[in-house]
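Please look over the sequence and the 3D structure before reading on.

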Amino acid sequence: MSAQIIYGKSISDSIRQELLHEVETFKSKGITPGLVVILVGEDPASQVYVRNKAKACEQLGYYSEVVRVPAETTQDELLELIKKYNTQENINGILVQLPLPKHIEEKAIIDAISVEKDVDGFHPENVGNLMIGDDALLPCTPSGVIELLKRTGNHPAGKHAVVIGRSNIVGKPVAMLLLRENATVTICHSRTQNIEEMARQADILVVAVGIPKLVKKDWVKPGAVVIDVGVNRLPDGKLCGDVDYDDVLDVAGWVTPVPGGVGPMTITMLMANTLKSAKRAHE
Ligand SMILES: Nc1nc2c(c(=O)[nH]1)N[C@@H](CN(C=O)c1ccc(C(=O)N[C@@H](CCC(=O)O)C(=O)O)cc1)CN2
């Protein structure tokens with residue numbers, strides 16, 4: 001039997017519809033959520049993502065600013081910019097598009113964003129709050145993964161979730177979120193022995209390593225939910241995930257495609273975080 005496809009685009013569209021209603025109520029009180037997106041340099045993929053973030057703001061009626069600065073911008077200049085937006089009242093969310101040029105220390109930038117406006121959920125205080133289960137702005141891609149699972153009826157509670165990848169942006173936070181949802185969580189990485197065997201034990205398999213088509217059908221337990229967070233561009237220009245989608249289709253119970261799976265959830269969850277931050281600012 002063929003796996004059921006998890007269409008992230010359509011789930012993302014319904015969440016945006018829900019957000020639109022919430023925003024209308026919020027705006028009727030005279031308050032408009034505001035987001036600033038800062039892009040350093042001209043990385044082509046980042047330019048697309050930043051444009052899509054501005055479009056999402058427009059679609060939902062948010063105030064938005066896109067600040068494009070040259071790749072040569074110094075770390076101090078970028079820190080000054082963040083300082084300005086930390087105190088600008090009509091801005092509820094600050095996002096610095098990653099990756100940054102090599103001469104800028106990512107951690108220094110993330111740490112400088114006010115915790116309340118950290119709509120990426122990357123600030124150490126938000127990460128700490130996620131760890132201890134307190135209210136936090138949650139990282140967008142990982143919270144998008146949880147939404148995909150819940151909205152397809154694949155609730156993590158009691159399931160064995162295996163996460164392949166341990167990045168600060170996806171692997172670690174998605175593992176913490178799955179734990180918070182009462183899954184039993186295993187994290188695998190480049191030094192894990194028998195990684196295929198580990199993966200095969202998963203009821204929910206989340207893959208975020210950046211290796212095109214790494215996961216084959218013999219890594220997947222029959223009926224498992226396979227969530228592919230990878231977005232890799234092949235030499236022919238086509239996109240593919242970290243999972244060999246065609247190969248796993250007749251073994252998995254559910255699978256996300258690339259493109260059109262996890263990716264579209266990232267910007268939608270950013271919009272949800274910006275609204276949350278705006279609401280908190282006016283409590
Ligand atoms: N500050 C941040 N930087 C980056 C983040 C982030 O969450 N915060 N994530 C990624 C880039 N990203 C958003 O910024 C992002 C990546 C992918 C998608 C997406 O919709 N992907 C589509 C395919 C798009 C394409 O055709 O290229 C899909 O998978 O269907 C949206 C946002 C790194 N930087």
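## Basis of the report

This is a predicted model, in which local features need pLDDT of at least 70 and side-chain atom pairs count only at pLDDT 80 or more, while totals for chains, interfaces and linings use all residues. Residues are numbered from 1 along each chain as its sequence is written, and side-chain values use heavy atoms, with hydrogens and water left out.

## The annotated domain

An unreviewed UniProt entry places the feature "domain: Tetrahydrofolate dehydrogenase/cyclohydrolase catalytic" at residues 6-120. UniProt positions follow the numbering used here, feature names are shortened, and annotations may be inferred rather than shown by experiment. Over residues 6-120 the chain is 50% helix and 16% strand; the end C-alpha atoms of this stretch are 24 Å apart. Helices (H or I, at least four residues) and strands (E, at least two) are DSSP runs, numbered from the N terminus.

## The sheet β3-β2-β4

Three strands form an open sheet in the order β3-β2-β4, with parallel pairing. Two strands pair if DSSP finds at least two bridges between them. The edge strands, β3 (63-69) and β4 (93-96), each pair on one side only. From one strand to the next, the twist averages 15 degrees.

Strand β2 (residues 34-40) is joined to β4 by four bridges in the parallel sense, and V37 stands opposite L95 in β4. Helix α3 (residues 75-87) lies across β2, β3 and β4 and runs at about 175 degrees to β2. Axes are lines fitted to C-alpha atoms, for helices over the stretch in contact (heavy atoms within 4.5 Å), and angles run from 0 to 180 degrees between N-to-C directions.

Five of the five residues of strand β5 (residues 160-164) are buried, that is, under 20% relative accessible area with a 1.4 Å probe and protein chains only (exposed is over 50%, partly exposed in between). H160, V162 and I164 point one way, and A161 and V163 the other way.

β5 pairs in the parallel sense with strand β6 (residues 184-188) over five bridges, and A161 stands opposite V185 in β6.

## Residue T192

Leaving aside neighbours within four places in sequence, T192 is in contact with I187 and M198.
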